[in-house]
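Here is a short briefing on one protein model. Look at the sequence and the structure first, then read the notes below.

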Amino acid sequence: MRNLSDAQRAAVTTAIEQLAWTVVRETLELEPDDGPCSNLPDADMRQMWLAALTSLLAIRESTEQLAASAALSAAQRGADYPAIGDAAGMTRQGARRKWPGLAGLSDERQRKLTWWNRRGDQFADCVRAVLTTADLESPRLTVLRERLDEIEQTSPAQRIDVFDMALVDAHAVAVGTPRPTEPTAAYANGLLAALTADAYAAMNSHSFLVNREGLACETDNCSSEPIVELWRSDYGHRTIAACREHAIQALAQPATRIVAAYQPDAALSVFAEAHGED
Ligand SMILES: [Zn+2]
């Protein structure tokens with residue numbers, strides 16, 4: 001562990017003690033200057049120390065949560081397990097046991113940032129288009145509208161976490177709400193579906209894409225490599241894997257939507273070609 005000096009440790013202990021007694025005073029509704037004092041009856045002192053015990057353990061619990069959050073944030077910004085272990089005064093294996101799942105997070109964050117830097121504006125424009133053309137109100141649209149406002153008000157450093165949630169909400173709207181009948185609205189909705197599909201493909205780890213190996217296009221007897229996954233009403237409302245050619249054909253049907261991309265940018269490129277704009 002990166003050592004704190006004796007003076008720093010003493011200062012930490014003092015601060016924690018003050019915090020604990022502040023909580024005790026609040027809990028027992030005492031005066032600001034009240035505290036353990038030898039001229040108080042044992043019964044009062046006992047109650048104070050028991051409340052102090054409770055509050056110190058609550059502080060420990062909060063500290064553990066904050067430490068886990070710090071480990072996560074450090075990992076997202078490139079800290080590996082040896083570095084986290086070093087900071088926490090434990091071995092690499094110890095850190096991995098205590099906070100599993102932190103490896104590779106910085107890559108994932110980097111992929112997200114890369115995607116948002118390239119497509120974030122287009123995504124936001126598309127969400128706005130969907131919101132202004134939606135022909136019926138649904139709770140999902142309300143959530144998405146709030147999320148868009150949140151993105152605009154959030155500092156760039158925190159924006160990525162909001163983007164994450166916006167993506168989930170946008171996907172739910174694009175794929176989970178009835179397709180609008182008006183052509184402009186339907187286009188905006190289809191574009192949003194394609195954008196979110198590409199975003200997931202760009203952000204997911206390589207293993208997610210590799211797992212799709214061995215899958216073939218599910219149209220007729222086509223054996224071409226699928227590049228997107230479609231929702232087609234004529235396929236019994238299930239999703240099917242489709243090659244580029246069959247995806248473009250299927251998108252001529254108004255109800256078809258792209259729900260996933262198997263390659264970076266595949267959904268957007270298929271959507272554009274299906275709408276004659278390559
Ligand atoms: Zn095919």
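Leaving aside residues up to four places away in sequence, Thr196 touches Phe123, Leu167, Ala170 and His171; contact means heavy atoms within 4.5 Å. The model is predicted: local features need pLDDT of at least 70, side-chain atom pairs count only at pLDDT 80 or more, and totals for chains, interfaces and linings use all residues. Residues are numbered from 1 along each chain as its sequence is written, and side-chain values use heavy atoms, with hydrogens and water left out.

**Around Thr196**

- Thr196 sits in helix H8, which covers residues 183-203. Helices (H or I, at least four residues) and strands (E, at least two) are DSSP runs, numbered from the N terminus.
- Thr196 counts as buried because its relative accessibility is 0%. Buried means under 20% relative accessible area, exposed over 50%, and partly exposed in between (1.4 Å probe, protein chains only).
- The side chains of Thr196 and His171 form a polar contact of 3.3 Å. Such a contact is a pair of N or O atoms within 3.5 Å; within protein, one must be able to donate a hydrogen and the other to accept it, and residues adjacent in sequence count only if both atoms are side-chain atoms.

**Zinc site**

- The zinc ion has four protein donors: Cys217 (SG), Cys222 (SG), Cys243 (SG) and His246 (ND1), at 2.0 to 2.3 Å. Donors are N, O and S atoms within 2.8 Å of the metal (3.2 Å for Na, K and Ca); water is not among the atoms, so sites may look incomplete.
- The arrangement is tetrahedral because the four donor atoms subtend angles of 102 to 115°.
- Along the chain, the donor spacing reads C-x4-C-x20-C-x2-H.
- Both Cys217 and Cys222 are buried.

**Overall layout**

- The protein has eleven helices and three strands. Its radius of gyration is 27 Å, well over the 19 Å that the globule rule gives for 278 residues, so the protein is more spread out than a compact globule. The radius is taken over C-alpha atoms; the rule is 2.2 Å times the number of residues to the power 0.38.
- Along the principal axes, the C-alpha atoms fill a box of roughly 90 × 45 × 35 Å.
- Domain 1 spans 6-98 and domain 2 spans 105-274, with bounds from an automatic or database domain assignment. Their C-alpha centres lie 44 Å apart.
- Of the 278 residues, 35% count as buried.

Definitions and conventions
Tetrahedral: all angles 85-135°; square planar, octahedral: opposite > 155°, others 65-115°.
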